[in-house]
Amino acid sequence: MPELPEVETIARGLAGRIVGKTIASVEVRLPKIAVAPAGVDFARALRGERIVGVSRRAKYAILELSSGRSLVTSLRMTGRLVAQESGAPSYRGTHIVLRFTDRSRLDFADLRTFGRMRLVEPGEPWDERLGIEPLSSGFTPEGFIGMLAGRTTPIKALLLDQQRVVGIGNIYACEALWEAGIRPSRPAKALTKAAIRRLHHAIVDVLSRAIDMRGTSVDDYVDADGLEGGFQNVLSVYGKLGEPCPRCASPIVRTVLAQRGTWWCRSCQR
Ligand SMILES: [Zn+2]
């Protein structure tokens, strides 16, 4: 499931491939994937739009259009957003195809069909329920301490809550908690300030390293060029049941927390 580093990698890749291109036509093969404001025809509205930028907010990739509208894409479980040359074969489960005037394409594929491509009008508040960006200067240790104060929620569940800190999913929550030496089930309010500072540092560190390595390909994720990331090769605990902890050599365990598989070390995560 694409998290912040994967979507950031896709957005950066797309920026180099499609900015400046003009949409000639749009093919919607599965209508539920294409979302537009009431009374607006998704495909017709996009025709003639130029891509002026590509950015990311939380786990959403955003195509900025010349009219001021945006195309906000959620990849959810299995979504792929891939820039393709004219004539290149489509991935299985391609539901939306943007064709540019130079005959190249942007394909949106999603086998499980939970993803969406949403046309957003200028100023439409699509992201008001989203929390703080963990790689922004606004995400500070002191602010994080305040966010966790008094919360009885297990720290891992809180990390997954997109209304607090955005972009962290199951992989990076497990990895950041391991790096900080914190037991995933600990109630947030039971963490010392020193532990929260360690966790803040671990979140920023893990996400930054994962972006440097172009994301984690443990399932369907590929970047804007259709290539796998590299962070799956350096994971410490995620998916590592029974393997030795890289810090203390105890076997990694898997438990279920907030309905999600959770990998961690009983010895060095307290
Ligand atoms: Zn350990």
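**View 1. Salt bridges across the predicted model.** The count comes to 18 salt bridges, a salt bridge being a side-chain nitrogen of Lys or Arg within 4 Å of a carboxyl oxygen of Asp or Glu. This is a predicted model, in which local features need pLDDT of at least 70 and side-chain atom pairs count only at pLDDT 80 or more, whereas totals for chains, interfaces and linings use all residues. Residues are numbered from 1 along each chain as its sequence is written, and side-chain values use heavy atoms, with hydrogens and water left out.

**View 2. The salt bridge between Arg17 and Asp225.** The N to O distance in this pair is 2.2 Å, and the pair links distant parts of the chain, 208 residues apart, with Arg17 in helix α1 (residues 4-18) and Asp225 in the loop between α6 (193-212) and β10 (253-257). Helices (H or I, at least four residues) and strands (E, at least two) are DSSP runs, numbered from the N terminus. Arg17 is partly exposed at 26% relative accessibility, and Asp225 is partly exposed at 36%; here buried means under 20% relative accessible area, exposed over 50%, and partly exposed in between (1.4 Å probe, protein chains only).

**View 3. The salt bridge between Arg105 and Asp107.** The closest N and O atoms of Arg105 and Asp107 lie 2.9 Å apart. Arg105 is buried, with a relative accessible area of 8%, and Asp107 is likewise buried, at 1%.

**View 4. The salt bridge between Arg214 and Asp223.** The side chains of Arg214 and Asp223 meet at 2.6 Å, N to O. Arg214 is partly exposed at 39% relative accessibility, whereas Asp223 is buried at 1%.

**View 5. A network of salt bridges.**
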